[in-house]
Amino acid sequence: MGGTETRARSVGEESATPALATLTPPEARTRPGTSGGSRGSRPAHCAGANPRPACSVRGPCLCTRPARDSTRLSVGDSVMDVLRPQIITFDGRNYRKNPIQEKNYQHEEDEAYYRDSMEYSDEPCDAYEVEQTPQGFRATVSAPSVLYKHIVGKRGDTKKKIEVETKTSINVPKPGHGGEIVITGQHRNGVISARTRVDVLLDTFRRRQPFTHFLAFFLNEVEVQERFLKFQKEVLEKCSMDRGVDSSIFQNPKKLHLTIGMLVLLSEEEIQQTYETLQRCKEEFINDISGGKPLEAEMAGIEYMNDDPGMVDVLYAKVHMKDGSNKLQELADRVLERFQELGLTVKEWNSVKLHATVMNTLFRKDPNAEGRYNLYTADGKYIFKERESFDGRNILKKFENFYFGSLKLNSIHISQRFTVDSFGNYASCGQVDFS
């Protein structure tokens, strides 16, 4: 389904630990006793041909370590670039997410992941609002109730660990009840440290939630639906003898759409926040790009997602402006960028891929499948679904420039997955109109 795809994970891989990390400010840090150079640099006291056997530096001394690549770190079966770690943004402040070795527990629940591996920086963060009270200090965190259990942990272990290590008290609302997570303590730095840990937990487990909504243009105008059905009929007439080609893998014409970005919205408040963000986008740049009127586009030509036209899983139609301008691309990219800045969607691509899926092998077994986004359970665990690809070479040759019709794109919708409205399209939770 659409422009931004995420959550790729190795098939069959079941990591028992989320990507826990130490949080470091963007400025580079230097190991005590080192020269501040590469990871392979020796501490000053270890210089020379005969380094001392006993090193005063805490932890393994670099003088006794085997040489290793100074820019890459092996974690499990993957290799991470430690000079370009993932950046997490909290309240406008950036932190590096440094990789650490994960431990696997085959039969533990998510809440127990943090038992042995919760490591964070306790460095004060001035970006957080901490209220001074007669009893000490207080901070609050807003979060959807579905994430509360990850702060508490199995048997309350996660919450207790944070409280003990930061010398704070954390009050989490009961499941199903609204409200804020309240952190109190005698020391400001301790409250800030606990707040940082809570934010990391919320961010980690939010990323593990399945997508619930997406931002999209609807492409189901009458002309386009009719032309799509014509495309389907002709493909089946001319290419049904090709391996894997049958009627089950075609998109429902009523659900034709162009996805801008995928979203995880876990409460009515977050849906309202998304709507308000779209309204601000309209005021700040959508009106200028669109000129206050619908964008005149067309859906024409087909292309495939993977590298082998003989083994295709997704075939899509291309969408572009009639006048050849870049307005649609600019508008989609800027909307996506705004939602990325606010942490409402994950950045996977630098630009939205303007396309509409017309054939997808996931439909073969599940007509309601939605691209690769349905490969996760409700708790974020990966499910491998066997896909039978199709030979798309003849389709690409015969229908390379097929014209699906013209479009007047006048609205961006907040669409809810796995739902349909009275017209057979995805149900919309809100929209902004250009005119």
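Asp313 is partly exposed, with a relative accessible area of 23%. In this predicted model, the side chain of Asp313 meets that of Arg387 in a salt bridge, 3.9 Å from N to O. Asp313 sits in the loop between E12 and E13, and Arg387 in the loop between E14 and H7, so the pair ties together parts that are 74 residues apart in sequence. Arg387 is also partly exposed, at 25% relative accessibility.

**Salt bridges**
- The whole structure holds 16 salt bridges.
- Arg197 pairs with Glu165, with the closest N and O atoms 2.5 Å apart.
- That pair links distant parts of the chain: Arg197 is in helix H3, Glu165 is in helix H2 (residues 157–166), and they are 32 residues apart.
- Arg197 counts as buried because its relative accessibility is 3%, under the 20% cut-off.
- Glu165 counts as partly exposed, at 36% relative accessibility.
- Arg364 pairs with Glu388, the closest N and O atoms being 3.7 Å apart.
- Arg364 is buried at 18% relative accessibility, whereas Glu388 is partly exposed at 42%.
- Lys161, Glu165 and Arg197 belong to one network, joined by salt bridges that share partners.

**Sheet E14-E13-E12-E15**
- Four strands make up this open sheet, in the order E14-E13-E12-E15, with antiparallel pairing.
- E14 and E15 are the edge strands; each has a single partner strand, so one side of each lacks a neighbour in the sheet.
- Neighbouring strands here are turned by 30 degrees against each other on average, direction ignored.
- Five bridges join E13 to E14, and the two run antiparallel.
- Lys318 stands opposite His355 in E14.
- Helix H4 packs on this sheet and touches E12, E13, E14 and E15.
- The direction of H4 makes about 160 degrees with that of E15.

**Helix H4**
- H4 covers residues 222–239, which is 18 residues.
- At 1.5 Å a residue, H4 should span 26 Å; its end C-alpha atoms are 25 Å apart, which agrees.
- Buried residues of H4 are Val224, Gln225, Phe228, Phe231, Gln232, Glu234, Val235 and Cys239.
- An α-helix has 3.6 residues a turn, so residues three or four places apart point the same way.
- The buried residues of H4 pack against strands E12 (295–304), E13 (314–321), E14 (355–360) and E15 (403–409), and against helix H7 (393–398).

**Sheet E11-E10-E16-E17**
- This open sheet has four strands in the order E11-E10-E16-E17, again with antiparallel pairing.
- Strand E11 (257–263) and strand E17 (428–433) stand at the edges with a single partner strand each, so one side of each has no neighbour in the sheet.
- Four bridges join strand E16 (residues 411–416) to E17, which run antiparallel.
- Ile412 has Val432 in E17 as its bridge partner.
- Helix H5 (residues 268–290) packs on the sheet, touching E10, E11, E16 and E17, and its direction makes about 10 degrees with that of E17.
- Helix H6 (residues 327–341) also packs on the sheet, touching E10, E11 and E16, and its direction makes about 15 degrees with that of E11.

**Gln209**
- Gln209 lies in the loop between helix H3 (188–207) and strand E10 (213–218).
- Gln209 is buried, with a relative accessible area of 9%.
- A polar atom of the Gln209 side chain lies 3.3 Å from the backbone oxygen of Phe205.
- Gln209 and Val146 are 63 residues apart in sequence, and their C-alpha atoms are 9.9 Å apart in space.

Technical notes. Residues are numbered from 1 along each chain as its sequence is written. This is a predicted model: local features need pLDDT of at least 70, side-chain atom pairs count only at pLDDT 80 or more; totals for chains, interfaces and linings use all residues. Side-chain values use heavy atoms; hydrogens and water are left out. The expected span of a helix is 1.5 Å times one less than its number of residues. Buried means under 20% relative accessible area, exposed over 50%, partly exposed in between (1.4 Å probe, protein chains only). Contact means heavy atoms within 4.5 Å. A polar contact is a pair of N or O atoms within 3.5 Å; within protein, one must be able to donate a hydrogen and the other to accept it, and residues adjacent in sequence count only if both atoms are side-chain atoms. Two strands pair if DSSP finds at least two bridges between them. Axes are lines fitted to C-alpha atoms, for helices over the stretch in contact, and angles run from 0 to 180 degrees between N-to-C directions. A salt bridge is a side-chain nitrogen of Lys or Arg within 4 Å of a carboxyl oxygen of Asp or Glu.
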